[in-house]
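Dear colleague,

I am handing over a structure that I would like you to look at with some care. Please open it first, and then read the notes below alongside it.

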Amino acid sequence: MSLAQFQRARLVPFAADGRDTEERRAIPLDFNPETLTLKVSSGEARDRARRGRQQVQNVGASKATLSFECYFDSTRPRDGQDGEGGDEEMLDVRLRTKPIADLLQVSGSGREQAPRRVQFRWGTLIFNGVITTHQEVFDYFSPSGVPLRSKVQLTLTEQEFRYQV
């Protein structure tokens, strides 16, 4: 019997054209989320011209959101680092969370402006979407006030969702 290899959840940005993921820019999470919340809603439109109770019609497209919390902690050495020496500013946890916040920035120009699509990937669960909510809570600081630990709450939204296993 073989044991499954430990996998870290990660966010992988899509290229500017939105077709292929940019694996070299993958952002591994320090800790895997405890829970994932997947919310799917059908596309509905209200038809006020219709009489009676059936005023809401299903228009076929569905929308989904994936919400989760991820923790980042710079008090422990990162993979491949021994934790020796270094400036306290180098331990600033925002250095690890900034790449996620950067995914909220719109790219393109004029009517082509859109936020970067991202793929959440953890084991067999893959969700493609756009980060619509990003909230970061700092809960541990160095004596001089440098943030060392944070909780990032993310919501990704996909407009034309298809449930796949």
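**What was found**

Strands E8 and E9 form a hairpin in which five residues lie between the two strands, and Gly-145, which sits in that turn, has a positive phi of about 95 degrees. Please bear in mind that this is a predicted model, in which local features need pLDDT of at least 70 and side-chain atom pairs count only at pLDDT 80 or more, while totals for chains, interfaces and linings use all residues. Residues are numbered from 1 along each chain as its sequence is written, and side-chain values use heavy atoms, with hydrogens and water left out.

Taken as a whole, the protein chain contains one helix and nine strands (DSSP runs numbered from the N terminus, a helix being H or I with at least four residues and a strand being E with at least two). Read from the N terminus on, the order of these elements is β-β-β-β-α-β-β-β-β-β.

Arg-117 stands opposite Val-130 in E8. E7 and E8 likewise make a hairpin, here with two residues between them, and Gly-123 in the turn has a positive phi of about 60 degrees.

E7 is also paired with E1, in the antiparallel sense and over four bridges, and in this pairing Pro-13 stands opposite Val-118 in E7. E1 (residues 10-13), in turn, pairs antiparallel with E2 (residues 27-28) over two bridges, with Leu-11 standing opposite Ile-27 in E2.

What about the interior? Of the 165 residues of the protein chain, 29% count as buried (under 20% relative accessible area with a 1.4 Å probe, protein chains only, whereas exposed is over 50% and partly exposed lies in between). The largest nonpolar core has 20 residues, and those with the most contacts inside it include Leu-11, Leu-29, Phe-68 and Phe-120 (such a core is a set of buried Ala, Val, Leu, Ile, Met, Phe, Trp, Tyr and Cys residues joined through side-chain atoms within 4.5 Å). E4 (56-73), E7, E8 and E9 each supply at least two residues of this core, and E4 gives the most to it, with five residues.

Leu-29 touches (that is, has heavy atoms within 4.5 Å of) Arg-8, Ala-9, Arg-10, Phe-68, Cys-70, Phe-72, Ile-100 and Phe-120, when residues up to four places away in sequence are not counted.

Why does Thr-65 count as buried? Thr-65, whose place is in strand E4, counts as buried because its relative accessibility is 17%. Leaving aside neighbours within four places in sequence, Thr-65 is in contact with Thr-37, Leu-38, Lys-39, Phe-127, Thr-155, Leu-156 and Thr-157. For the protein chain in general, if you consider contacts between residues at least 6 apart in sequence, 60% of them join residues at least 24 apart.

With best wishes

Terms used. Pairing = 2+ DSSP bridges.
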